[in-house]
Amino acid sequence: MSWPSREVVVRIGVLGWLTVVWIALWGDLSVANLLAGLAVGALIMVALPLPRVPVSGRLHVLPLIQTVFVATYYALESSLQVAWFAIRPAPPPVSGVLRVYLSTRSDMVLVLCTDLLNLIPGTIVLEIDRRRCVVYVHVLDVSSDAAVDKFYRTTRRLERLLISSFERHGEWRSAEQPEVEL
């Protein structure tokens, strides 16, 4: 028995995700909506194909699970902070744009890191410099050195977790980078 290729698994996953989104948009789980979601998802995949992501390597499940829990914790903590800023009897906090230098080698990890930063309330990524691996992030609270340090610690922790999930030294290499033989 041969296993399906990675591309086939990804295509099935995308089709499944598009079907779930279709059903969620209609708000009704029925056979008709399931079949319509599969048809619309297949049509989208054929009419609007996504470009191939040029990476190879392995997914490391335990660090990925830790990443999900840590990112969820940061999102909940930040949501409470934003809610407090909204109801507290004080002026709004000082906000600003911070520059973050990331150390990842992977475009996928760079995108996932910026996605996680965008999911955390009170932050939004404004610009990504892919060549230098720099991200400019608008942060809601930069009123103290402690708040700025906390943002940088959060970003570093998320980046470390994503790197350990997707990009281990010696296992990951971009498809664009030639393999070096020693």
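**Entry: ground rules**

I am reading a predicted model, where local features need pLDDT of at least 70 and side-chain atom pairs count only at pLDDT 80 or more, while totals for chains, interfaces and linings use all residues. Residues are numbered from 1 along each chain as its sequence is written, and side-chain values use heavy atoms, with hydrogens and water left out.

**Entry: confidence**

I checked pLDDT, the predictor's confidence in each residue, from 0 to 100. The chain has a mean of 85, and 88% of its residues reach 70 or more. Residues 171–182 fall below 50, yet beyond near neighbours in sequence this stretch has 17 contacts in the model. Where pLDDT is low, the predicted coordinates should not be read in detail.

**Entry: layout**

I counted 5 helices and 5 strands in the chain. Both are DSSP runs numbered from the N terminus: helices are H or I with at least four residues, strands are E with at least two. Starting at the N terminus, I read the order as α-α-β-α-β-α-β-β-α-β. Of the 182 residues, 30% count as buried, which means under 20% relative accessible area; exposed is over 50% and partly exposed is in between, with a 1.4 Å probe and protein chains only.

**Entry: Ile23 and Asn33**

I found Ile23 in helix H1, residues 6–26. Ile23 counts as buried because its relative accessibility is 15%. Setting aside neighbours within four places in sequence, I see Ile23 in contact with Asp28, Leu29, Asn33 and Leu34. I also looked at Ile23 and Gly37: they are 14 residues apart in sequence and 6.6 Å apart in space, C-alpha to C-alpha.

Asn33 sits in helix H2, residues 31–47. Its relative accessible area is 12%, so Asn33 is buried too. Not counting residues up to four places away in sequence, Asn33 touches Trp22, Ile23, Trp26 and Asp28. What does the side chain of Asn33 reach at 2.7 Å? I traced it to the backbone oxygen of Asp28. For a polar contact I use a pair of N or O atoms within 3.5 Å; within protein, one must be able to donate a hydrogen and the other to accept it, and residues adjacent in sequence count only if both atoms are side-chain atoms.

I turned to the second largest pocket, with a volume of about 280 Å³. Its lining has 17 residues, and those closest to the centre are Ser78, Gln81, Lys150, Phe151 and Thr154. Two elements give two or more residues to this lining: helix H3 (61–87) and helix H5 (145–166). H5 gives the most, with 5 residues. I sorted the lining residues into 8 nonpolar, 6 polar and 3 charged.

My terms, for the record: on a 1 Å grid over the protein atoms alone, a pocket is an open set of points where a 1.4 Å probe fits, with protein on both sides within 12 Å along at least five of seven lines, and lining residues have an atom within 4 Å of a point. Ala, Val, Leu, Ile, Met, Phe, Trp, Tyr, Cys and Pro count as nonpolar, Asp, Glu, Lys and Arg as charged, and the others, Gly among them, as polar. Grid points are joined across faces, edges and corners, and the volume is the space filled by probe spheres set on the points.

Is Thr154 buried or exposed? I have Thr154 as buried, because its relative accessibility is 11%. A polar atom of the Thr154 side chain lies 2.9 Å from the backbone oxygen of Lys150. Not counting residues up to four places away in sequence, Thr154 touches Tyr74 and Ile120.

Ala75, found in helix H3, is in contact with Leu119, Ile120 and Pro121, leaving aside neighbours within four places in sequence.

**Entry: Cys133**

I placed Cys133 in the loop between strand E3 (123–129) and strand E4 (134–139). Cys133 has a positive phi of about 60 degrees although it is not a glycine.

Technical notes:
Contact means heavy atoms within 4.5 Å.
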